[in-house]
Amino acid sequence: MPAWINSGFFEYARRLPKDYQLVLIETPPLRRTKSTNTNIPKNTLIIALDEHGKEWTTLELARKLETWHNEQQDISLLVGGPDGLSPECLKKAQAIWSLSKLTLPHQLVKIFIAEQIYRAWSIISKHPYHRN
């Protein structure tokens, strides 16, 4: 993984306040098999990222993020590798989110998600980062 991928993710993650903290948990591809259990923390809302999921606008994400924050709901966003997520992971998800109809490299998705969460937070907090 190029260093700039993690650098991009952590740049947006560090901008968020502590009550919107992003924690990155990665499972090496060699360990991902049909029988492998994912590192999903207990009692979280599981959102799988998949090309067949529902697309959200940034404003919809901001509304969802604000609701989850107000309900003190922890979120686990599942991002697959080059072959996507297993059917078992998709079955565990309470929501399936598509970032785009385009096929995106899973490495870039980390940065994309972090930026969108930061952008959604900026809308919620009326920070000038997001422009309509």
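Predicted model: local features only at pLDDT ≥ 70, side-chain atom pairs only at ≥ 80, totals over all residues.

What is the relative accessibility of Ser125, and does that make the residue buried, exposed or something in between?

Author: Ser125 has a relative accessibility of 35%, so it counts as partly exposed. Here, buried means under 20% relative accessible area, exposed means over 50%, and partly exposed is what falls in between (1.4 Å probe, protein chains only).

Residues are numbered from 1 along each chain as its sequence is written, and side-chain values use heavy atoms, with hydrogens and water left out.

Ser125 sits in the segment after α4. Compare Ser125 with His69: the two are 56 residues apart in sequence, and their C-alpha atoms are 12 Å apart in space.

Lys126 is also in the segment after α4. At 73% relative accessibility, Lys126 counts as exposed. Its backbone is worth a glance too: phi of Lys126 is near 60°, a positive value in a residue other than glycine. As background, most residues other than glycine have a negative phi. Asn43, in the loop between α1 and β1, also has a positive phi, about 60°, although it is not a glycine. Asn43 is exposed, with a relative accessible area of 75%.

Now step back into α4 itself, which covers residues 106-124. Let's take its neighbour α2 (residues 58-70): the axes of α2 and α4 come within 8 Å and cross at roughly 75°. That makes α2 roughly perpendicular to α4. The axes are lines fitted to C-alpha atoms, for helices over the stretch in contact, and angles between N-to-C directions run from 0 to 180 degrees. Under 35 degrees counts as roughly parallel, over 145 as roughly antiparallel, 65 to 115 as roughly perpendicular, and the rest as oblique.

On the α2 side, the contact (heavy atoms within 4.5 Å) involves residues including Leu61, Ala62 and Leu65, while the α4 side includes Ile117, Ala120 and Trp121. The residues of this contact divide into nine nonpolar, two polar and two charged. For those classes, Ala, Val, Leu, Ile, Met, Phe, Trp, Tyr, Cys and Pro count as nonpolar, Asp, Glu, Lys and Arg as charged, and the others, Gly among them, as polar.

Next comes α1 (residues 3-15), which packs with α4 at an angle of about 15°, the axes being 8 Å apart. That makes α1 roughly parallel to α4. Their crossing is left-handed, meaning that the near helix is turned anticlockwise from the far one by less than a right angle (clockwise would be right-handed). Among the residues that meet here are Trp4, Phe9, Tyr12 and Arg15 in α1, and Leu108, Lys110, Ile111, Glu115 and Tyr118 in α4. This contact has eight nonpolar, three polar and three charged residues.

Some of those charged residues also turn up in salt bridges. A search of the whole structure finds four of them, a salt bridge being a side-chain nitrogen of Lys or Arg within 4 Å of a carboxyl oxygen of Asp or Glu. Lys110 pairs with Glu26, the closest N and O atoms being 3.0 Å apart. Lys110 lies in helix α4 and Glu26 in the loop between α1 and β1 (45-55), so the pair ties together parts that are 84 residues apart in sequence. Lys110 is buried at 10% relative accessible area, whereas Glu26 is partly exposed at 44%.

Glu115 is buried, with a relative accessible area of 11%. Elsewhere, salt bridges with shared partners join Glu11, Arg14 and Arg15 into one network. Glu11 and Arg15 both lie in helix α1, four residues or about one turn apart. Both are partly exposed: Glu11 at 27% and Arg15 at 33%.

How values were computed:
Helix = DSSP H or I, 4+ residues; strand = E, 2+ residues; numbered from the N terminus.
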